[in-house]
Amino acid sequence: MPEIKLYDTTLRDGAQGEGISYSVMDKIIIARELDRLGVHFIEAGWPGSNPKDMEFYQKMGKSRLKNARLVAFGSTRRPHSKAKDDNNLRAFLKSGASFVTIFGKTWDLHVRDVLKTTLDENLEMIKDTVAFLVSKGLAVFYDAEHFFIAYHANKEYSLKCLRVAQDAGARAVVLCDTNGGMITSGVFRVIKEVRPQIKVDLGIHCHNDSGLAVANTLAAVEAGADIVQGTINGYGERCGNADLIPIIANLKLKLGINCISSVNLKELARVSHLISEISNMKPRNDQPYVGVSAFAHKGGVHINAVMKNPDTYEHVKPESVGNRRRILMSELGGKTSILLRAKDLELDLTKDDPRTKKILKLLQSLEHRGYHFEAAEASLELLIKKALNQYKKFFELEGFRVVVEKLSDKKITTEAIIKLKVKGIKEHTAAEGDGPVNALDNALRKALKDFYPTLSKMHLSDFKVRVLDEKAGTAAPVRVLIESEDEKDLWSTIGVSENIIEASWQALVDSVEYKLLKDEKK
Ligand SMILES: [Zn+2]
């Protein structure tokens, strides 16, 4: 099996993405995850540019990585100076990194207009910088910034830049589509032409401004590139870098090119989600291979076929990348999805059972009103059980009242008062909260706690509100999704109403009932 080296730059180029900022500890956790995944090189920052990156390199020096090499990043020396006198370059030596990537100019326009120096001096800068670092025992990669435009503008000069880096001792030269504007066929052609003219390894670094970073990277590999640069989840400046997640999966599963082991490939979904968590970026549901929707089937025809043979609508096995198949409940899903769900719940239900039809009708009318059971599997379970008479009421609401009070410029306060009947006994409780939903939650628990002590083990972990028809203004229905958890599980419930308190109450009651039903089974 041919092999490609993976070069991750999440911690450097990825950290340039809007909304991303890593602490030193974040960086350490990410680096260890990447190492475990089997990435070969981890570019982690610019030790000369700030103390945070310097601290990272020094700390990482102590925690040994198993597979990966840490790579420091920086630029060529300034025009008309000496590499050995350059403070940034000297910082590499202090950082303890044994691999370093140096980026430099290859586009004649940049040399003249940005560096404001001669083409010859730029070649001298590349040569002097690479040779100096190599003489100090470092392995050097040369990142040829804007290479594809440079090659188009002045083929001879751009190739000269690569050769100078190579002859000065660089381990590899990396062709960068810095502006991310390349089209796939263009990348393929250039790599095909450059490959035979370079003796050392060739790397590819693509940005996603044309929406083609992954495709361009794979085309580069097919044309002869040996090292692939990218970031986890495609984080990076502007539209991001090439996303290593689908790149890794495509290399392994589609092109038969080795990069990480098949065992580690099963970690792909987990690593992607963990790094999005640390990066404080919402995971993309539709992210190829690892998104929660990547193997989610919704259309009735699709569901039917997938149940007979998953290959009908799945391009790879979800488990191969650590993902799972999901059958979505929806009005489009029809009977099959209800039957599957019932099977999950070990409920006896057949296609021709009149109750199946009844549930389907009920689901369709609820979805029409704005319920969305794909995101609220616990509410769906309750709904099916109610329809099958496999559910009993844990309590009966007689009424509630929520009072929100603000007096002049004092702090706003909220109190909820609930009256309900539990096991034949009337309960009347009041509780305060940070807001109406929190106050209701507190009052409900207070009323139920003596009857159902396990409720103290659950708490609400997320609360989402969405206005369903924005145009209708305040009269629009709202959908409330509540996520709850206890020491073992996580479940979500839904409520829909034109009144946000009513919608929240529905989701809250479903959450509590789900918990009680779950505990009763044990
Ligand atoms: Zn970049």
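I500 is partly exposed, at 39% relative accessibility; buried means under 20% relative accessible area, exposed over 50%, and partly exposed in between, with a 1.4 Å probe and protein chains only. I500 sits in helix α18, residues 500–521. Helices (H or I, at least four residues) and strands (E, at least two) are DSSP runs, numbered from the N terminus. Together, F463, V465 and I500 make a nonpolar surface patch of about 230 Å². Patches are made of residues with over 30% relative accessible area and no salt bridge; like charges are joined within 9 Å, and nonpolar side chains (Val, Leu, Ile, Met, Phe, Trp, Tyr) within 5 Å. A salt bridge is a side-chain nitrogen of Lys or Arg within 4 Å of a carboxyl oxygen of Asp or Glu. Accessible areas come from the Shrake-Rupley method with a 1.4 Å probe; for residues, only the protein chains shown count as cover.

This is a predicted model: local features need pLDDT of at least 70, side-chain atom pairs count only at pLDDT 80 or more, and totals for chains, interfaces and linings use all residues. Residues are numbered from 1 along each chain as its sequence is written, and side-chain values use heavy atoms, with hydrogens and water left out.

Now the whole protein. It has 18 helices and 16 strands. Its C-alpha atoms fill a box of roughly 90 × 60 × 45 Å along the principal axes. Of its 522 residues, 53% count as buried. The protein exposes about 24,900 Å², and carbon and sulfur atoms supply 50% of that area. Among contacts with a separation of 6 or more, 66% join residues 24 or more positions apart; contact means heavy atoms within 4.5 Å.

H207 counts as buried because its relative accessibility is 4%. H207 lies in the loop between β7 (201–206) and α9 (213–222). Its side chain makes a polar contact with the side chain of D13, at 3.1 Å. Another polar contact links the side chains of H207 and H205, at 3.2 Å. A polar contact is a pair of N or O atoms within 3.5 Å; within protein, one must be able to donate a hydrogen and the other to accept it, and residues adjacent in sequence count only if both atoms are side-chain atoms. Leaving aside neighbours within four places in sequence, H207 is in contact with residues including D13, D177, E237 and R238.

Next, helix α4. In this helix, residues 108–115, D108, H110 and V111 are buried. The buried residues of α4 pack against β4 (99–105), α5 (119–135), α6 (147–153) and α7 (155–167). K116 follows α4 and has a positive phi, near 55°.

Finally, the aromatic rings. The whole structure holds 15 aromatic pairs. Rings of Phe, Tyr and Trp (its six-membered ring) pair if their centres lie within 6.5 Å; planes under 30 degrees apart count as stacked, over 60 as edge-to-face and the rest as tilted. Y7 and F141 form an edge-to-face pair, 5.7 Å centre to centre with 75° between the planes. Y7 is in strand β1 (residues 5–8) and F141 in strand β5 (residues 139–145), so this pair ties together parts 134 residues apart in sequence. Y7 is buried, with a relative accessible area of 1%. F141 is buried as well, with 4%. Y371 and F373 form a stacked pair, 5.9 Å centre to centre with 10° between the planes. Both Y371 and F373 are buried. Y7 and F141 also belong to one aromatic cluster with F41 and F99.
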